[in-house]
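Open the structure in your viewer and keep the sequence panel beside it. The tour below goes stop by stop, saying what to select and what is found there.

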Amino acid sequence: MSALERLGEAVEESEEARKPPAPPVPDAGPFRRDFFTSPLRGRWLTAFLGSAMLPLLVIAALTGFLSHAAYNPGLGENDLTGGFDVDLYFFDWPTSPVWLYSLTQSLHMIAGFAVIPILLAKLWSVIPRLFEGPPVRSVAHSLERLSLLLLVGSSIFLLVTGVINVQYWLPFGFAFLPAHYYAAMVFLGALALHLVLKLPIVASTFRREGAFRPLGEGIERMRAANPAIDTLASPAPAEPTISRRGMLGVVGLGSLALAGMTASANLLSGVRELAFLSPRGQSGGPAGAGDFPVNKTAQLAGVTPEMTGDGWRLRMSFGSEVVELSREDLLAMDQYSERLPIACVEGWTTWQDWTGVRLTDLAAMAGAPGGAVVLVESLQEGGAFRQATLASNQIEDTRSLLALQVNGEDLTLDHGYPARVIVPALPGVHNTKWVRTMKFSEA
Ligand SMILES: Nc1nc2c(c(=O)[nH]1)N[C@H]1C(S)=C(S)[C@@H](COP(=O)(O)O)O[C@H]1N2
Ligand SMILES: [Mo]
């Protein structure tokens with residue numbers, strides 16, 4: 001061996017020595033195959049939980065996209081949809097039935113809350129997979145694991161952001177709408193792939209074990225699944241302490257309880273007392289005409305009684321034409337009353353009796369032609385909700401009001417005194433409070 005060859009060998013050896021040893025999958029804790037001992041585990045349980053989630057996920061996705069459609073036209077320059085403030089939907093959000101947006105956002109919320117316990121149970125049922133080794137076996141295997149990471153990550157992200165939005169707890173300047181929307185895109189992509197890969201397994205599992213048959217088994221008749229043919233079964237099952245149907249019953253009750261609590265602030269807004277986890281679900285303040293939920297108080301919005309006093313004027317414009325009206329001028333116009341809901345994506349709906357002037361009358365006064373749209377701006381200086389655009393079908397519905405009163409009394413400052421928009425089937429956020437200007441323009 002030449003000196004050069006010896007040197008080469010020595011270099012190689014030292015490099016070999018420096019390489020860390022390939023990490024084996026540790027044979028400890030959850031990495032041990034016999035760590036998970038529940039006899040409930042198995043394909044049937046996972047398939048059943050997955051199938052129970054599917055209709056709820058479909059409802060949440062459809063109503064989510066409908067909500068996105070309802071947000072068109074958007075909030076003027078305050079683009080909340082993160083670049084997706086374009087009309088993807090080829091239809092104008094209708095103003096009838098008046099409860100339409102309340103229904104879609106209620107269903108979204110109810111399905112989203114109801115899915116939480118089922119998702120947690122399903123993740124529990126597949127958790128041994130997380131610790132499976134070796135972590136990467138092939139390109140296909142690693143792609144599947146990546147898609148599962150996206151699926152699990154995005155579903156947890158969607159539920160957590162949805163819940164904290166209902167709690168009005170976004171302490172980190174968090175842009176809920178674009179984040180929730182983009183996560184939904186990731187989620188639906190990953191879910192589609194997951195369904196393609198898993199539906200055949202669900203079908204064969206239900207064919208072999210019966211879709212509902214295990215629900216008939218109490219704890220005495222229940223057997224653990226066979227780990228030799230069922231990769232989700234525990235290889236070392238313990239004695240059962242609850243039957244599969246008992247476990248599913250607990251999950252189902254949790255799901256129903258959350259759905260009921262959510263529905264009580266929305267769909268069934270007559271039983272708000274049940275909405276004890278929803279900060280906007282219950283009442284809005286001192287007893288009286290204004291005792292219903294307040295999304296943002298005047299104080300938080302920086303709107304003071306001075307700004308809304310005698311000096312206040314509604315300033316309407318179309319092109320270079322400008323019309324200014326005092327509150328007395330507005331009260332001297334024809335007044336109309338409508339019972340209309342405010343349906344908020346923060347998880348609540350409230351129905352009230354509003355009185356004020358028709359938006360069509362204001363549009364005519366401003367000289368705006370049929371088909372015009374309007375940008376409504378608030379006295380509020382900052383914040384994304386200080387303005388909104390209304391489409392022509394929303395202006396032209398004769399039930400659409402610039403409300404001056406609610407429940408027979410002047411609006412309270414918190415509900416938008418001196419004047420606020422109220423339009424049938426409009427998302428709550430577009431019903432601008434403390435209106436200052438209405439800029440009409442041709443669509
Ligand atoms: N100027 C202004 N208008 C606004 C808001 C706001 O923060 N500022 N919040 C909107 C939202 S999100 C909802 S749900 C409704 C709530 O109306 P309320 O507080 O009278 O119930 O007002 C809308 N109008
Ligand atoms: Mo809202």
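Predicted model: local features only at pLDDT ≥ 70, side-chain atom pairs only at ≥ 80, totals over all residues.

**Stop 1: helix α2**

Select residues 43-70, which make up helix α2.

**Stop 2: helix α3**

Move on to residues 100-126, helix α3. The same check can be made here: 27 residues at 1.5 Å each should span 39 Å, and the end C-alpha atoms are 38 Å apart, which agrees. Where does α3 bend? Select Ile116: the bend there is about 35°, and the proline Pro117 follows within four residues.

Next, color α3 by burial. Of its 27 residues, 19 are buried, so the helix is largely enclosed by the rest of the structure. An α-helix has 3.6 residues a turn, so residues three or four places apart point the same way.

**Stop 3: Leu159 in helix α4**

Select residues 139-166 for helix α4, then pick out Leu159 within it. Is Leu159 buried or exposed? Its relative accessible area is 19%, and the cut-off for buried is under 20%, so Leu159 counts as buried. Leu159 and Leu119 are 40 residues apart in sequence, and their C-alpha atoms are 9.9 Å apart in space.

**Stop 4**

Select residues 336-344, strand β3, together with residues 348-358, strand β4. These two strands run antiparallel and are joined by 9 bridges. They form a hairpin with 3 residues between them. In the turn, select Gly347, which has a positive phi of about 100°.

Now select Thr349 in strand β4. Which residue stands opposite Thr349? The residue across from it is Ala343. With 0% relative accessibility, Thr349 counts as buried. Show the side chains of Ser102 and Gln105 as well. The side chain of Thr349 makes a polar contact of 3.0 Å with the side chain of Ser102. A second polar contact, of 3.3 Å, joins the side chains of Thr349 and Gln105.

**Stop 4**

Go through the pairs in turn:

- β1 (residues 314-318) and β10 pair in the parallel sense over 4 bridges. Select Met316 to find Met438 of β10 opposite.
- β5 (residues 372-378) and β10 (residues 435-442) run antiparallel, joined by 7 bridges. Along this pair, Val374 has Phe440 as its bridge partner, Glu377 has Thr437, and Ser378 stands opposite Val435.
- β5 and β6 pair in the antiparallel sense over 4 bridges. Here the bridge partner of Leu375 is Thr389 in β6.

**Stop 4: ligand 1**

Finally, center the view on ligand 1 and display its surroundings. How many residues surround the ligand? There are 18, and the closest are Pro293, Gln380, His415, Arg420 and Lys433.

For Pro293, a backbone N or O atom lies 2.6 Å from an oxygen atom of ligand 1. For Lys433, a polar side-chain atom lies 2.6 Å from an oxygen atom of the ligand. For Asn431, a polar backbone atom is 3.0 Å from a nitrogen atom of ligand 1. The tour ends here.

Technical notes. Residues numbered from 1 in each chain as written. Chains lettered and ligands numbered in written order. Heavy atoms only, no water. Expected span 1.5 Å × (residues − 1). Bend = angle between axes of the 7 residues up to and from the residue. Buried < 20%, exposed > 50% of the residue type's maximum accessible area, 1.4 Å probe, protein only. Pairing = 2+ DSSP bridges. Near = heavy atom within 4 Å. Polar contact = N/O pair within 3.5 Å; in protein donor to acceptor, adjacent residues only side chain to side chain.
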